[in-house]
Amino acid sequence: MDSFSNLPEPLLVTIISFLPFKEAARTSLLSKRWRHLWRSTQTIDFNARFFINVDASREVQRQVFLDFVRQWIANYQQATISKFSLALSQPRNSQMVVENCITFSLARNVKHLVLDFSDPTWNEDDFEGPADPTSYDLPLSVYGHEQVLESLTLFSCKFNPSGFKNFGLLKQVSFGWVEVGACTFKALLVNCGCLESLSLKHCWSMENFLRVCGRGLKLKTLVVYKCRFYYPCFAVEAPNLSCLRYTGTLPRFDISRNNRGLDEVELDFGLESVCSCSMADRLYQLFFEVFPMRALTVCTYILQVVSMGEDFIGMEPSFPVTHLTLKTAMHDYEQVGIRYFLNSCPHLETLEIQLGPGRIFHDEYEAPYTGLDPHELWIRHPVVFLCVTHTLREVEIKGFKGTPNEIYVLNYLVTYGRVMEKITVFTSGEMSNRGNPTVYRNIAKQALMIESASQNLLFTVL
């Protein structure tokens with residue numbers, strides 16, 4: 001039965017509002033009754049990148065998008081909206097439309113506001129950044145939107161943090177492509193007493209020490225993604241902080257957490273250009289500073305550098321982590337690092353391996369560890385870690401191409417995983433010198449045909 005047909009339209013609109021904007025638009029194809037329902041959605045996402053047409057010039061594409069926005073605003077009938085998002089580069093060239101969009105959202109008591117004026121052509125790995133990244137000033141009308149906003153995202157948009165004192169309900173803030181200095185941090189944390197999540201993406205500062213602290217701070221999540229700091233050093237005093245996600249060069253963290261570790265830690269130092277014993281020692285100290293409690297994600301750089309420090313091999317810490325994610329190219333230089341983290345997580349229950357490209361230090365003076373053969377490590381003379389035999393129940397491998405090192409690790413987990421319940425292998429959709437997705441699937445199935453240590457193991461190859 002089609003139970004949806006019996007529901008009143010207001011309830012259908014509520015359901016549609018839970019969908020992403022593009023998916024909501026697709027519901028117009030379901031039937032004649034659904035044709036216009038999506039136009040009442042309370043989740044509005046105006047994104048110029050949705051209007052890309054290879055057969056039209058950029059000027060024509062932009063005009064089509066702006067006409068769509070004008071028409072939508074003119075015909076919208078709902079009194080309130082939950083989320084409003086506008087993504088448009090070079091906003092000064094369409095200032096009237098931008099201002100109308102902001103006025104439209106504020107008049108309907110928007111709770112989640114996103115203004116993204118960044119340019120998709122900007123190189124996010126370029127630490128020099130674009131010539132004029134902050135091309136728009138946040139209108140004064142937004143600062144007067146009192147006691148309504150719960151989340152605010154500003155990309156390439158200048159703002160006055162002292163004006164945030166009116167945002168008594170603001171819980172989530174995300175900044176991108178803007179300068180964020182110590183004074184900005186302080187004013188933001190003082191004025192937003194309910195702030196629970198702070199995200200910085202492609203931001204910069206000439207200061208070398210940033211404090212994330214404040215009286216009664218409720219911050220739970222801190223995200224720093226590819227930001228440009230003169231010298232990345234963070235002092236974090238947030239008793240409720242439970243999640244840290246950092247992508248960039250290797251920083252220094254000074255975290256005051258009342259002797260509690262962080263529930264979730266994600267570290268990606270793929271932008272780091274130095275690989276040395278001193279960096280390994282800094283990395284070792286950093287792990288004790290953040291001390292992951294439940295979930296840990298590490299990158300290719302960490303898996304290589306981990307074998308270089310004098311304090312690492314034979315001195316592995318013991319983390320109470322139950323979910324470990326390895327972002328790896330499965331290169332020879334990373335194998336010791338993979339073993340290191342299996343040994344450091346004796347209570348591990350879920351292992352996720354995300355296969356993909358990563359910077360490998362090929363120079364003989366930089367290469368972290370060159371003397372070990374992966375076949376020796378995993379097949380001929382393996383060390384069977386406690387988590388593999390006693391706690392590891394689920395393994396998920398993404399991007400599998402059937403390289404020898406991928407097969408070695410897979411065989412090792414199947415052979416010694418006594419309590420393993422599920423292994424899921426997602427093969428890569430890319431073509432390579434090893435073949436195509438069909439070849440990858442056949443290799444994975446062949447690799448899983450060995451005798452498993454677990455009697456209840458379920459294999460899935462996708």
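Predicted model: local features only at pLDDT ≥ 70, side-chain atom pairs only at ≥ 80, totals over all residues.
Side chains of opposite charge can pair when their charged atoms come close. The count of salt bridges in the model comes to twelve.

Among them is the pair formed by Arg-245 and Glu-264, whose closest N and O atoms are 3.0 Å apart. Arg-245 is partly exposed, its relative accessible area being 29%. Glu-264 is also partly exposed, at 21% relative accessibility.

Strand 14 also contains Asp-263, and because its partner Arg-294 lies in strand 15 (residues 292-298), the pair ties together parts that are 31 residues apart in sequence. The closest N and O atoms of Asp-263 and Arg-294 are 3.0 Å apart. Asp-263 is partly exposed at 33% relative accessibility, and Arg-294 is partly exposed with a relative accessible area of 34%.

A further salt bridge is formed between Glu-266 and Lys-327, with the closest N and O atoms 3.1 Å apart. This pair links distant parts of the chain, as Glu-266 is in strand 14 and Lys-327 is in strand 16 (residues 323-328), 61 residues apart. Glu-266 has a relative accessibility of 18% and therefore counts as buried, the cut-off being under 20%. Lys-327, at 25%, counts as partly exposed.

Key. Residues numbered from 1 in each chain as written. Heavy atoms only, no water. Salt bridge = Lys/Arg side-chain N within 4 Å of Asp/Glu carboxyl O. Buried < 20%, exposed > 50% of the residue type's maximum accessible area, 1.4 Å probe, protein only. Helix = DSSP H or I, 4+ residues; strand = E, 2+ residues; numbered from the N terminus.
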